[in-house]
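Here is a friendly walk through one protein chain and its ligand. Please keep the sequence and the 3D view open as you read.

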Amino acid sequence: MSAALDPGEAVAARVDALDWNGISAGLDARGWAVLPGLIAPGECRRIAALYDDGGRFRSRVVMARHGFGQGEYQYLAYPLPEPVSALRDALYLHLAPLADRWNAAMGLDIRYPARHADFLARCHAAGQVRPTPLLLQYGPGDHNCLHQDLYGEHVFPLQVAVLLSRPGEDFTGGEFVLTEQRPRMQSRPFVVPLAQGDAVAFAVSQRPVRGTRGFYRTVMRHGVSEVRDGQRHTLGVIFHDAR
Ligand SMILES: O=C(O)CCC(=O)C(=O)O
Ligand SMILES: [Fe+2]
C-alpha cells in the first residue's frame with residue numbers, strides 16, 4: 001500500500017486559504033480560473049497512485065470505446081478517499097454563492113444550498129446517486145475530446161480539475177483547453193497554464209457574460225490536447241452525482 005493520504009482538514013485549509021475574490025473575478029471574466037498550489041506534490045503523487053488501487057473505483061472508462069478521445073479514467077466509489085471528499089465539500093462552499101449569482105444572471109431559478117451534503121441529497125433524491133469524482137490517466141497519443149460533464153437533471157454549474165503530474169517532466173503536451181461558444185460568433189479557445197498541484201475551476205456547460213443589454217449565455221466545453229510523451233494524471237471534481 002502507498003503512504004497515507006492527507007487528512008481532510010489539511011486539504012480544506014488549503015482551499016479556504018485561496019484568494020476567492022480573485023478566483024470569482026476570474027471566473028466571471030472568462031469562465032475559468034486557476035487555483036494555484038491546491039495540492040502539495042507528495043499528495044499529488046499519492047492521489048495519482050490510487051489509480052492502480054482497483055478497490056477505490058466504481059467503474060472504468062476506456063475513452064476510445066466511446067469516441068471520447070484516447071486514454072482512460074475511473075470514477076471513484078463512495079466512500080471517497082478523505083482528501084477528495086474534503087476537497088469536494090470545501091470547494092463547493094466557496095463556489096455555491098458564485099453558482100447562485102451565475103444562475104440569477106442567466107435567468108435560471110435554481111439556487112444551491114450552502115453545504116455540499118445538502119446539494120447531494122437533492123441529487124440523490126432524484127436518482128443521481130453515483131459519485132462523479134474521477135481520476136484520469138493519459139499516455140503518449142492520448143487526449144480528451146471537448147465535452148461537458150452533465151450527468152442528469154441536477155447540475156452544479158462549476159467544476160474543478162487538479163493536475164497531479166509535472167508538465168515538462170512527467171509528460172509533455174497534454175494541455176487543459178476550454179472553448180467558449182458565443183451566440184452568433186466564432187468560438188473562443190483557452191489554454192489553461194497549470195503546474196503540478198494547480199487546479200482549474202471552470203464552467204460545466206454555460207455561463208453568463210455581461211453584454212450591452214444585460215447578460216447573455218455562452219456555452220463552454222473542456223478537453224485535453226494530445227499528450228506527446230510520458231504519463232499525465234488528473235483528479236476531476238464534479239459536484240453533482242450521476243444517474
Ligand atoms: O484531464 C484533464 O485535465 C481534464 C479532466 C476532465 O475532463 C474533468 O475533470 O472533467
Ligand atoms: Fe471533463
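Pro79 sits in the loop that links β4 (72–76) to α5; helices (H or I, at least four residues) and strands (E, at least two) are DSSP runs, numbered from the N terminus. The peptide bond between Tyr78 and Pro79 is cis, with omega about -5 degrees. Pro79 is exposed, as 10 other C-beta atoms lie within 10 Å. Here a residue is called buried with 20 or more other C-beta atoms within 10 Å of its own, exposed with 12 or fewer, and partly exposed in between, with C-beta atoms placed from the backbone.

Before going on, a word on the model. It is predicted: local features need pLDDT of at least 70, side-chain atom pairs count only at pLDDT 80 or more, and totals for chains, interfaces and linings use all residues. Residues are numbered from 1 along each chain as its sequence is written, while chains are lettered from A and ligands numbered from 1 in the order in which they are written.

Most residues other than glycine have a negative phi, and most peptide bonds are trans. Ala4, for its part, belongs to the segment before α1 (8–16).

| Residue | State | Other C-beta atoms within 10 Å |
|---|---|---|
| Ala4 | exposed | 8 |
| Pro79 | exposed | 10 |
| Arg184 | exposed | 5 |

Two of them can also be placed by C-alpha distances. Ala4 and Glu43 are 39 residues apart along the chain, with 9.2 Å between their C-alpha atoms. For Pro79 and Phe57, 22 residues apart in sequence, the C-alpha separation is 9.8 Å.

Now for the chain as a whole. It has six helices and 15 strands, and its C-alpha trace spans about 55 × 35 × 35 Å along the principal axes. Buried residues account for 37% of the 243 residues. Of the contacts between residues at least 6 apart in sequence, 80% join residues at least 24 apart; a contact means C-beta atoms, placed from the backbone, within 7 Å.

What is inside? The largest nonpolar core holds 59 residues, and Val162, Val200 and Ala201 have the most contacts within it. Such a core is a set of buried Ala, Val, Leu, Ile, Met, Phe, Trp, Tyr and Cys residues joined through C-beta atoms within 7 Å. Helix α5 (residues 82–105) gives the largest share of this core, ten residues. Setting aside neighbours within four places in sequence, Ala201 has contacts that include Ile23, Trp32, Leu95 and Val160.

Finally, which residues are around ligand 1? They are Leu136, Asn144, Asp149, Ala161, Phe176, His222, Val224, Thr234 and Gly236, where being near requires a C-beta atom, placed from the backbone, within 6 Å. The elements giving two or more residues to this shell are β13 (214–224) and β15 (232–237).

The UniProt record, an unreviewed entry, annotates residues 129–242 as "domain: Fe2OG dioxygenase"; such annotations may be inferred rather than shown by experiment. The span 129–242 is 0% helix and 54% strand, and its end C-alpha atoms lie 6 Å apart.

Conventions:
Two residues are in contact if their C-beta atoms, placed from the backbone, lie within 7 Å.
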